[in-house]
Amino acid sequence: MIVITAPTGGIGRQVLDRVLDALDARDGGAALRVIARDPGRLTARARERAEVFQGSHADPEVLAAACEGAGQVFWLVPPAPGADSVEGHFRDFTLPLCDVIARQGVPRVVAVSSLGRGVAKDAGPISASLAMDDRIAATGVHYRALCPPFLMENLLGQAAALRDTGEFRMAYAADRVLRTCATADIAATAARLLLDDSWTGRADVPLVGPDDLTPEGMAGVLSDVLGRPVRVRETTPEAYKASALRFGASESGAQGLADMASAMDAQGFYGAAEPSTPDTAPTSFRRWCEEVLRPATLA
């Protein structure tokens, strides 16, 4: 039995599709459950193939019911910029999972985390996700933390600006290498682990794409792919916070994003020191721009 959380989000949806593809190719196999706040957002195939539990995976009763007899759980704490506390948001999701592991003996968990273990300090959601790993692993469950750097999909929120102004903003030095990862690669690795019941122990799984581009280098790729000049404009963590507040983030959520941006820039844990991991993150930034970002700018 495989349980998938956040199955309608950007990563969880792709994990669900890949697991369904694999199960269909096997002509059955492991049973599948999903936990979804709004089951109507699931595809028809997912609603037909998976057992659906409606609600939040932060709800102890919903989570316990969905995980009864489960062998593998895909775990993702959804972003909540409006939360009263970044750390509290992660804790409120993670404690029910730890309780389910202890009570029901779930053997394996695959979770989305971040690069930066042992390096990232006071980094908002990144620090909270790394603390989540430690809390889950302390239960003794077999655990794999998927650890990407900067997600390419973060740029999708600026697709309109790229189309209209030829500009994107980053609270990061324009001339410093920023390693990246496509969410499709996270999903592929998660699905592979969920379909494999042989791995044991705790490990981080780095997902670092093949590029060593700076934001200025990313702008050059974007210029080629979009067929127009593109430039990057450096912004500050303070401006990033102000923008998040304008878009409805709480004070804590906005400060967490600013702290994350400050830590990324100052501590360099998404930078050039990280080697690429082609087995887990083969997608190049150029390929992602061609296949994902360019269509988004045309929408």
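This is a predicted model: local features need pLDDT of at least 70, side-chain atom pairs count only at pLDDT 80 or more; totals for chains, interfaces and linings use all residues.
Residues are numbered from 1 along each chain as its sequence is written, and side-chain values use heavy atoms, with hydrogens and water left out. Helices (H or I, at least four residues) and strands (E, at least two) are DSSP runs, numbered from the N terminus.

**Helices α4 and α5**

- Helix α5 has these buried residues: I126, A128, S129, L130, M132, D133, I136 and A137. Buried means under 20% relative accessible area, exposed means over 50%, and partly exposed lies in between (1.4 Å probe, protein chains only).
- The cover over the buried residues of α5 includes β4 (72-75), α4, β5 (108-112), β6 (142-147), β10 (202-206) and α10 (251-267).
- For α4, 19 residues at 1.5 Å a residue should span 27 Å, and the end C-alpha atoms are 28 Å apart, which agrees.
- In α4, the buried residues are V86, G88, H89, F90, F93, T94, P96, L97, C98, V100 and I101.
- Covering the buried residues of α4 are elements including α3, β4, β5, α5 and α10.
- G88, a residue of helix α4, counts as buried at 6% relative accessibility. From G88 to S113 it is 25 residues in sequence and 16 Å in space, C-alpha to C-alpha.

**How α3 packs on α4**

- Two packed helices are described by the angle between their axes and the distance between the axes.
- Helix α3 (residues 60-67) and helix α4 (residues 86-104) have axes 10 Å apart and pack at an angle of about 40°. Axes are lines fitted to C-alpha atoms, for helices over the stretch in contact, and angles run from 0 to 180 degrees between N-to-C directions.
- α3 and α4 are therefore oblique to each other. Angles under 35 degrees count as roughly parallel, over 145 as roughly antiparallel, 65 to 115 as roughly perpendicular and the rest as oblique.
- The α3 and α4 crossing is right-handed. A crossing is right-handed if the near helix is turned clockwise from the far one by less than a right angle, and left-handed if anticlockwise.
- On the α3 side the contact is made by P60, L63, A64 and C67, and on the α4 side by P96, L97, V100 and Q104. Contact means heavy atoms within 4.5 Å.
- Sorted by class, the contact of α3 with α4 has 7 nonpolar residues, 1 polar residue and no charged residues. Ala, Val, Leu, Ile, Met, Phe, Trp, Tyr, Cys and Pro count as nonpolar, Asp, Glu, Lys and Arg as charged, and the others, Gly among them, as polar.

- Helix α8 (residues 215-226) and helix α11 (residues 285-298) cross at roughly 60°, and their axes come within 10 Å. α8 and α11 are therefore oblique to each other, and their crossing is right-handed.
- From α8 the contact uses M218, V221, L222, D224, V225 and L226, and from α11 it uses F285, R286, C289, E290, L293, R294 and T297.
- The class count for the contact of α8 with α11 is 8 nonpolar, 1 polar and 4 charged residues.
- L162 sits in helix α6 (residues 159-165) and is buried, with a relative accessible area of 1%.
- Not counting residues up to four places away in sequence, L162 touches E167, F168, L222, L226, R228, V230, L293 and T297.
- L162 and A296 are 134 residues apart in sequence, yet 10.0 Å apart in space, C-alpha to C-alpha.

**Loop residues to look at**

- A6 is not a glycine, although its phi is positive at about 50°. A6 lies in the loop between β1 (2-5) and α1 (12-25) and counts as buried at 16% relative accessibility.
- D122 also has a positive phi, near 50°, in a residue other than glycine. D122 is in the loop between β5 and α5 and counts as exposed at 68% relative accessibility.
- R176, in the loop between β8 (167-170) and β9 (180-181), is partly exposed with a relative accessible area of 37%.
- R176 touches L213, T214, P215, D265 and A266, not counting residues up to four places away in sequence.

Methods
The expected span of a helix is 1.5 Å times one less than its number of residues.
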